[in-house]
Amino acid sequence: MGYLSCNGESAVSICDPYNYNPRRSKKRPPSTLRRFKYDELAAATNGFSAGNFLGKGSHGRVYKAVLDGGKLLAAVKRTTIASVSQVDNEIEILSRVRHRYMVNLIGYCVDQRRKTKLLVVEYMPNGTLHDHLHSRSSLAPPLSWNRRIKHALQIATAVHALHSAETPVIHRDIKSSNILIDGEGNARLADFGLALIGNVDDERLKATPPAGTMGYLDPSYLAPADLTAKSDVFSFGILLFEIVSGRDAIDLNYSPPCVVDWAVPLVKRGEYGAICDSRIRNRPSCAVIRRLVVMAARCVRSTAEKRPDMSEVVECLKTVRKMSQESPVWNRLRRRSQDSSGNVFVSEEKEENINVRMVREGSKKMSKVSSVTTEDDTVPEKAISPATLRRRNRVLRSRSVGAMGGARVGPIPNDVVEDNTVVTTIRVLVERERAVKAAAMMKLSKSRSVGIVRSHKTVSLKLY
Ligand SMILES: Nc1ncnc2c1ncn2[C@@H]1O[C@H](COP(=O)(O)OP(=O)(O)OP(=O)(O)O)[C@@H](O)[C@H]1O
């Protein structure tokens, strides 16, 4: 077991049972995982009762558990398994990596008789980033810019730590609904069901078909051999656009519905303000917004090699965070004058030879329906419980294939591949097309959200 020290935000602790040499390592391995009994977890969740139900994903249900006589709150993810091999991936990865901005594994239970896998992870009391970004309730103000930038940096830090670990991990399912908010208001990366550990040239990784979620899936990742950490960078770019714009990865309220097709041309034209979530009036400086959207656009470049790696993304976001916190008085004055003019940017601003044009808020294509105009940074996130958020809002949510078909794109990681690369590739493309058509025609429902589709127009969506 090699245990990498975990100093600073970017370190991930690795507990690698294959390489650990107790004589070589002076540092203590992370606390061992607990092995729970099924009955213990059934009791802790009141028999997996509706009262303890937290949410439903494409692979199972999640329940709140009270353990150790009330001393430990945890979330129990219950999944039906067909075979033991399905169990290994998520438990293996989560037992080997830990990070302050990840939802870490506490323990697990594999019940062969019931064909059930139960993962016991840290309980996150403040819902998902998706809930917070897409809330349309006047009682839940939209996330402030400070929080958006903070969460982007936290998740970038976690992803960078995974990629740069001694045995690298590629998450493969970075999206806002897989980011949970903890009790201190920090964003944590969750759901390692599709993650892969090892070097990209490992045989096992090379034999694993592509997988991910519609809208966030890297278009250049169509065969197992295409897998690189840059696929996570692509998904992070989509997430960054979502954080800045408050729109979903695929959102039929916009034209084009695909965030890449919608945002990248705006970035190229320098119309950065048009990408910003129009519900937030107190915007940071133009330079901050420009850096964010230019970085997002670089992350979603179609050629994977041209995308930045996560260390560069982290550095950029650290700079952005510093810039957004600087000279608050001047920023506030400038924003006030911008707000009163009704324009995102009141003047043509030349920065690093990039012209920022005047963009009127509320242009037909970009406008979003919202009555929320205020933002209060002092309202703690925990003041609004995730359950309340879900009840109050009809949350607009980008449809993933998982949300519609009960499964994410691609087979589960440990599926045996018998030269089915082509089949998988076709399947991904077909699923994408089907997802978009279905999204246009039906009102979708998921436990915590009502489908995004309000119009019945058929769209032809470029598959990026
Ligand atoms: N650690 C946790 N603490 C609190 N709530 C959680 C936790 N993990 C998951 N949940 C809740 O359960 C829901 C389902 O989570 P899950 O990870 O199974 O699926 P998902 O990520 O939403 O969807 P998919 O499986 O398609 O990716 C989440 O949206 C969240 O509301």
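Glu 90 is in contact (heavy atoms within 4.5 Å) with Lys 77, Lys 117, Leu 119, Asp 191, Phe 192 and Gly 193, leaving aside its neighbours within four places in sequence. This is a predicted model, where local features need pLDDT of at least 70, side-chain atom pairs count only at pLDDT 80 or more, and totals for chains, interfaces and linings use all residues. Residues are numbered from 1 along each chain as its sequence is written, and side-chain values use heavy atoms, with hydrogens and water left out.

Glu 90 sits in helix α2; helices are DSSP runs of H or I with at least four residues, numbered from the N terminus. Its relative accessibility is 8%, so Glu 90 counts as buried, a term that means under 20% relative accessible area with a 1.4 Å probe and protein chains only.

| Helix | Residues |
|---|---|
| α2 | 84-96 |
| α6 | 230-245 |

Let's turn to α6. Its end C-alpha atoms are 22 Å apart, which agrees with the 22 Å that 16 residues should span at 1.5 Å a residue; the expected span is 1.5 Å times one less than the number of residues. Because 16 of the 16 residues of α6 are buried, the helix is largely enclosed by the rest of the structure. Just after α6, Gly 246 takes a positive phi of about 75 degrees.

Phe 236 touches Ala 152, Ile 155, Ala 156, Ile 174, Met 310, Val 313 and Leu 317, not counting residues up to four places away in sequence.

Key. Helices (H or I, at least four residues) and strands (E, at least two) are DSSP runs, numbered from the N terminus. Buried means under 20% relative accessible area, exposed over 50%, partly exposed in between (1.4 Å probe, protein chains only).
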